[in-house]
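Have the sequence and the 3D view open as you read.

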Amino acid sequence: MFERFTKDARAVVLGAVDHAERLHAETVEEQHVLLALLDREASRASFALMSLGLAERKESVEQALAEARRRGGLSRADADALSGLGIDVSEIVSRVEEAHGEGALRAGGTGAGRGRGWWSGLVGGHRPFAQGAKDLLTESLRMALVERDRYIGDEHLLLALAARPGVPAEVLADHGVTYASLRRVLYGGGEAKAG
């Protein structure tokens, strides 16, 4: 499958690994792919994100992803569902952080009290892809096939992120970027197409 990845898509995958390393994550997650997509310039995905106004709000996206990591990777929808059962995720996070340090619940991170972390980057630096990130790569192939593209570009990674349930799609939607709006910008429908 990787032989079908364009130069831009490969750069996103490598960028996701870099983000995982910088955040001291044990695995490469879907959120790291989103962060890497936000770093891109002069690609189809960057054009789509710029057209939808996300390029100027990169810091807001990073902040929303950091808050989700702090909640242990739970989306706001998950936290709201738990709230309906009488479970206050914010209160739990606060109590855990009081006892174990800030970021103790960070999904894929190394909050205080974690057994791994500070040394994991020293032993080879390899970050495996979490199942969600692997599934995202597979979904990007499906996105390319739907469009009858013979390659997998960074735009297919972005479409797959927006289409899959979870924190990245929620953060994108909160910033006005949905699967439908991305398809419209990337493949037409009365508006400018990414070329």
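## Ground rules

Helices (H or I, at least four residues) and strands (E, at least two) are DSSP runs, numbered from the N terminus. This is a predicted model, where local features need pLDDT of at least 70, side-chain atom pairs count only at pLDDT 80 or more, and totals for chains, interfaces and linings use all residues. Residues are numbered from 1 along each chain as its sequence is written, and side-chain values use heavy atoms, with hydrogens and water left out.

Start with helix H7 (residues 131-146), which holds both Arg 142 and Glu 139. The two are 3 residues apart, about one turn of the helix. They form a salt bridge, with the closest N and O atoms 2.8 Å apart. The term requires a side-chain nitrogen of Lys or Arg within 4 Å of a carboxyl oxygen of Asp or Glu.

Relative accessible area is computed with a 1.4 Å probe on protein chains only; under 20% is buried, over 50% exposed, and in between partly exposed. Arg 142 has 46% relative accessibility, so it counts as partly exposed. Glu 139 has 18%, so it counts as buried.

## How H3 meets H8

Helix H3 (residues 44-51) packs against helix H8 (residues 154-163) at about 50 degrees. Their axes are 7 Å apart. Axes are lines fitted to C-alpha atoms, for helices over the stretch in contact, and angles run from 0 to 180 degrees between N-to-C directions. H3 and H8 are therefore oblique to each other. On this scale, under 35 degrees is roughly parallel, over 145 roughly antiparallel, 65 to 115 roughly perpendicular, and the rest oblique.

H3 brings Arg 44, Ala 45, Ser 46, Ala 48 and Leu 49 to the contact, and H8 brings Asp 154, Glu 155 and Leu 158. Contact means heavy atoms within 4.5 Å. The residues divide into 4 nonpolar, 1 polar and 3 charged. Ala, Val, Leu, Ile, Met, Phe, Trp, Tyr, Cys and Pro count as nonpolar; Asp, Glu, Lys and Arg as charged; the others, Gly among them, as polar.

## Salt bridges across the chain

The whole structure has 7 salt bridges. One joins Arg 44 to Glu 155, with the closest N and O atoms 3.7 Å apart. This pair links helix H3 to helix H8, 111 residues apart in the chain.

Which residue meets the side chain of Arg 164 in a salt bridge? Glu 30 does, at 2.8 Å, N to O. Arg 164 lies in the loop between H8 and helix H9 (167-174), and Glu 30 in helix H2 (residues 30-39), 134 residues apart. Arg 164 counts as buried because its relative accessibility is 19%. Glu 30, at 16%, also counts as buried.
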